[in-house]
Amino acid sequence: MTYDALIPVIRRLALEAGDKIMEIYNSDDFDVKVKSDASPVTEADEAADALISAGLRAAFPDVLLVTEEQAASHSEKGDTFLIVDPLDGTKEFINRRGDFTVNIALVENGVPTRGVVYAPAKGRMFYTQADGQSVEETGALDRTQIGDVAPISVSKPDNSALLIVASKSHRDQATEDYINKYQVKDSKSAGSSLKFCLVATGEADLYPRVGRTMEWDTAAGHAVLAGAGGKVVRFDDHSPLTYGKDGYANPFFIAYAPGVDLKEA
């Protein structure tokens with residue numbers, strides 16, 4: 001599997017999954033179930049997962065696939081793997097708030113090296129190109145043909161006037177306490193992996209996450225941010241956030257533009 005082969009496939013699958021998700025999103029009603037960890041899952045999660053998984057397995061049959069909706073994959077291990085969250089921000093989807101994303105990433109030796117994040121309700125798509133540079137596709141988002149793309153890069157932050165983005169559904173006192181350690185010009189909330197993309201485009205400088213996430217929630221956004229010059233580190237010791245951990249569970253983390261003067265936890 002080469003990056004040149006990978007990128008068009010994950011881009012197309014993200015768009016196809018986005019179409020399927022929006023078809024269900026715009027319907028009068030859709031089923032919502034509760035998983036064993038008490039998190040919600042909808043028919044859109046399951047339909048998008050089936051579409052993406054089939055596409056990745058057909059294109060790259062020899063590469064390990066880890067996906068949120070297939071519990072059996074969560075015990076698989078490998079140095080190189082594709083990791084998928086077919087619908088990140090299920091709560092945003094259920095509440096029809098639009099801040100949900102399709103996420104597909106490649107992890108190599110603990111590092112997310114390539115990825116795509118597509119927000120179908122917002123018509124925004126971000127991905128790493130084969131050369132590693134992250135872009136936002138600004139064209140018509142045609143499934144069969146890549147349109148105009150604009151390279152994205154992180155901000156040059158002003159530590160006396162930082163732009164912060166935090167979770168919409170999981171914003172708690174611990175998050176507020178950490179944000180209050182900074183001099184903040186503006187603070188906004190966003191759902192799903194879009195927060196990584198807002199840091200990647202320079203629309204925010206800092207995204208702290210003091211709460212539970214899984215690797216499929218973050219890998220694609222992490223890849224996009226890294227390809228725009230950003231970093232993601234553990235909240236506790238500021239070491240790089242790595243992937244392929246037991247159970248694919250993340251510690252708390254901070255995503256940021258490198259000019260930010262990070263505060264201790």
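Domain bounds, as used here, come from an automatic or database domain assignment. For this chain the assignment gives domain 1 (3-151) and domain 2 (162-256). This is a predicted model, in which local features need pLDDT of at least 70 and side-chain atom pairs count only at pLDDT 80 or more, while totals for chains, interfaces and linings use all residues. Residues are numbered from 1 along each chain as its sequence is written, and side-chain values use heavy atoms, with hydrogens and water left out.

The centres of domain 1 and domain 2, taken over C-alpha atoms, are separated by 19 Å. Across the two domains, 40 residues of domain 1 are in contact with 31 residues of domain 2, where contact means heavy atoms within 4.5 Å. Within the chain, of the contacts with a separation of 6 or more, 61% are accounted for by residues 24 or more positions apart.

The secondary structure of the chain comes to 6 helices and 16 strands; helices (H or I, at least four residues) and strands (E, at least two) are DSSP runs, numbered from the N terminus. Along the principal axes, the C-alpha atoms fill a box of roughly 50 × 40 × 35 Å. The chain has a radius of gyration of 17 Å, which agrees with the value near 18 Å that a compact globule of 265 residues would have; the radius is taken over C-alpha atoms, and the globule rule is 2.2 Å times the number of residues to the power 0.38.

Of the 265 residues in the chain, 53% are buried, a term that means under 20% relative accessible area, with exposed meaning over 50% and partly exposed in between (1.4 Å probe, protein chains only). The accessible surface of the chain comes to about 11000 Å², and 46% of this belongs to carbon and sulfur atoms; such areas come from the Shrake-Rupley method with a 1.4 Å probe, and for residues only the protein chains shown count as cover.

Two backbone angles deserve a separate look. Most residues other than glycine have a negative phi. Arg96, in the loop between α3 (90-94) and β5 (101-108), has a positive phi of about 55° although it is not a glycine, and Arg96 is partly exposed, with a relative accessible area of 38%. Tyr248 has a positive phi of about 60° although it, too, is not a glycine; Tyr248 lies in the loop between β14 (231-234) and β15 (249-250) and is buried, with a relative accessible area of 0%.
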